[in-house]
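Welcome, and please have a look at the model shown here. We will walk through it together, one part at a time.

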Amino acid sequence: MAGQPEIKASSCAKCGACTPVCPVFQSTGRESHTARGKLHLFKAGASFDSAYFNDLLAKCLQCGACDAACPRNLRPSEDILAWRARQPFGRDPHGFAKFLTKKVLATPLLQEGGSKALTTLLATLPKASGLRKRLDLLAPALAAPPSLPALPQKGSPRILAYFPGCLAQHLYKDITKATTILAGHCGFELHTPAALTCCGLASHVSGSEQEAKAAARRNIKAFAEGAAGPILTSCASCTSHLKSYPTLFTDDPEMHDKAVAFASRIQEFSTFFLDREGLSTSSPAETLYYHDPCHLRFGPCQVTKEPRQLLTQLNGAPPLSLPAQCCGQGGLFHLTNPDISRNIFSRALAPLAELSQGLVVTTCSGCLLQWQQGLARAKSPLRAEHLAVFLAKIIRD
Ligand code: SF4
Ligand code: SF4
């Protein structure tokens, strides 16, 4: 068929190692939802004329678990993206929802306006209002912003570049504030370039290569013109995608070099603060669980020990173990496949379902949103917080 992407994974051995690790398969039990099933269809002559195939392309969170499990070092998630990139707009059953979301993510004014409108509504709606309850699910961070301590006053702080990500900039502003407080205790003042935009992950995973490249170009330029040195990040998904920028420019040597230099500056939140001078706590240890974001478990980061070590260092005890399980958010996936997304979340919640109290901590704004919405829907007494917010609340001068 004309327009078919090259099948890089044509040497799939059909071994099935990617099957049990796939969160979508774990939820639906359907072979066609696995990486192996999709690769088989790609090779067997899948067609955008088929409604089933067009919908199947959306049945992937781009979590990277199949890539990590493949003994042949294939990267099925990239093959799925290559097909998404060629999918005609009118054939994607979720095309309009994706288009709208990407437009909002690429337009800070729209995000800020939406966030302000939600805040105003939540402040004025009566507690018993049905609309308020629905908005609480949509905007848990706005509904109950945590109380954080004041910024520490330390003389002559060093400037540190910071990439907060869209959710922390416009919805979970407490993450940005908490990260600023922690950095302040360590003698840094955070600087976020005004020209920065969305990291571009949403565009990338929906196959919009040009949009993803445009976002990357803008961010690379914005940070090249700002403070030198590391770029601190506080969202696992942004971190993973920012570190992957060089893969967007394999056909453009000049941009590739700039992207490599940019990616080498990206410093994930917990690796930055681990063992850093200036952070100490006095609070008694709180019992908590750490949720591993897929974007730190797989892909270019592979950061799983450091958040636990940081929590052990500052909370006085290691977080309790949770099975490594995708939460089902997956960026646009939770919008396009809400039932599967909720089912995947229920698997993540299952080990904690009987608890009467507890705190789940994570380092991804998307996972946090999924956990807070999921816990509210399940009427669970558990809470979920970003690691930065948890630490900022227990930090002392
Ligand atoms: S990237 Fe994740 S959701 Fe997509 S096929 Fe691979 S394991 Fe399944
Ligand atoms: S793990 Fe790799 S080789 Fe095995 S079925 Fe999946 S994609 Fe094919």
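The paragraphs below go from the ligands to a helix and then to the sheets.

A word on the ground rules: residues are numbered from 1 along each chain as its sequence is written, while chains are lettered from A and ligands numbered from 1 in the order in which they are written. This is a predicted model, where local features need pLDDT of at least 70, side-chain atom pairs count only at pLDDT 80 or more, and totals for chains, interfaces and linings use all residues.

Let us begin with ligand 2. Around ligand 2 there are 17 residues, of which Cys12, Cys15, Cys18, Arg36 and Cys70 come nearest (a residue is near a molecule or strand if its C-beta atom, placed from the backbone, lies within 6 Å of it). By class, this shell around ligand 2 holds 13 nonpolar, 1 polar and 3 charged residues; here Ala, Val, Leu, Ile, Met, Phe, Trp, Tyr, Cys and Pro count as nonpolar, Asp, Glu, Lys and Arg as charged, and the others, Gly among them, as polar. Helix α2 (35–43) and helix α4 (65–69) each supply at least two residues of it, and α2 gives the most, with 3 residues. Helices (H or I, at least four residues) and strands (E, at least two) are DSSP runs, numbered from the N terminus.

Now turn to ligand 1. It has 14 residues around it, with Cys22, Cys60, Cys63, Ala65 and Cys66 coming nearest. The shell around ligand 1 has 11 nonpolar and 3 polar residues, but no charged ones.

What do the buried residues of α2 pack against? They pack against α3 (51–56), α4 and α5, with contact meaning C-beta atoms, placed from the backbone, within 7 Å. Among the buried residues of α2 are Arg36 and Phe42 (buried means 20 or more other C-beta atoms within 10 Å of a residue's own, all placed from the backbone).

Finally, the sheets. Strands of a sheet pair through backbone hydrogen bonds, either parallel or antiparallel. One open sheet of 4 strands has the order β2-β1-β3-β4, with parallel pairing; two strands pair if DSSP finds at least two bridges between them. Its edge strands are β2 (188–191) and β4 (266–268), each pairing on one side only. Within this sheet, 3 bridges join β1 (residues 158–163) to β3 (residues 231–233), and Tyr162 has Leu232 of β3 as its bridge partner.

Another open sheet, of 3 strands, runs β5-β6-β7 with parallel pairing. β5 (288–290) and β7 (383–386) each have a single partner strand, so one side of each is left without a neighbour in the sheet.

How values were computed
A residue is buried if 20 or more other C-beta atoms lie within 10 Å of its own, exposed if 12 or fewer, and partly exposed in between; C-beta atoms are placed from the backbone. Two residues are in contact if their C-beta atoms, placed from the backbone, lie within 7 Å.
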